[in-house]
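Subject: Handover of a structure and its computed features

Dear colleague,

Please find below the structure that I am handing over to you. A summary of the findings comes after it.

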Amino acid sequence: MTRFRIVPLSAEYAEKIRETRIDDFGHEVVEQIATGSGPCRVSLKPFVKGKDRRLLLSHSPFAVDNAFNQPGPIFISSESVEPYRDIHHFPQEIKANKTSFPLSLIGYNPDQQMLVTELVGDRDVDELISEIFENNADVEYLHARNAKACCYICRIDRVTG
């Protein structure tokens, strides 16, 4: 089984957004009470609808601008939160709620070129991640996205060695 590492947005990045209230595209960040489950892209925990405060911003998970850049809306908690720590397992609260979090996995090479896409469906996402890495040597990392909303959830890196 291929090992992998879940990579949430960094606490430093989120703090910069909270302080400036401007995203990387120059858009003003919107603060709101959660109307959906999210999740927060730092803690990778679902939001509690009607209770948690969240920030809406535009984000691209890529380092280099190209045709696969896929910027889009994401949410982070309006308050500082602990980054996701169980990095060798996909977040259980997202994994267990296939209704709120239908998942797709998209694999990329080091040049940010898309190589593979898979809808998770009823499969176990941890097993599918390992399977994609085992069957696609050129895939360096994956993006997990909400398959309905298409929004970015987190990066998943191949662990070697």
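Predicted model: local features only at pLDDT ≥ 70, side-chain atom pairs only at ≥ 80, totals over all residues.

Residues are numbered from 1 along each chain as its sequence is written, and side-chain values use heavy atoms, with hydrogens and water left out.

The largest pocket has a volume of about 200 Å³. A pocket here is an open set of points on a 1 Å grid over the protein atoms alone, where a 1.4 Å probe fits, with protein on both sides within 12 Å along at least five of seven lines; lining residues have an atom within 4 Å of a point. The volume is the space filled by probe spheres set on the points, which are joined across faces, edges and corners. There are 13 lining residues, and Ser37, Gly38, Phe75, Asn146 and Ala149 are the closest to the pocket centre. Strand β4 (residues 72-77) supplies the largest share of the lining, 3 residues; strands are DSSP runs of E, at least two residues, numbered from the N terminus.

The structure holds 3 aromatic pairs (ring centres of Phe, Tyr or the six-membered ring of Trp within 6.5 Å; planes over 60 degrees apart count as edge-to-face). Phe47 and Phe75 form an edge-to-face pair, with ring centres 6.4 Å apart and planes at 80 degrees. Because Phe47 lies in the loop between β2 (30-33) and β3 (53-59) and Phe75 in strand β4, this pair ties together parts that are 28 residues apart in sequence. Arg54 lies over the face of Phe75, 3.5 Å from the ring centre (CZ of Arg within 6 Å of the centre and within 35 degrees of the ring normal).

Phe62, Tyr108 and Tyr141 form one aromatic cluster. Both Phe62 and Tyr108 are buried, and Arg155 lies over the face of Tyr141, at 3.7 Å from the ring centre.

The structure holds 0 disulfides (pairs of cysteine sulfur atoms within 2.5 Å). For Cys40, the nearest cysteine sulfur is that of Cys154, 12 Å away; Cys40 is buried, with a relative accessible area of 2%.

Yours sincerely

Definitions and conventions. Helix = DSSP H or I, 4+ residues; strand = E, 2+ residues; numbered from the N terminus. Phe/Tyr/Trp six-rings, centres within 6.5 Å; stacked < 30°, edge-to-face > 60°. Buried < 20%, exposed > 50% of the residue type's maximum accessible area, 1.4 Å probe, protein only.
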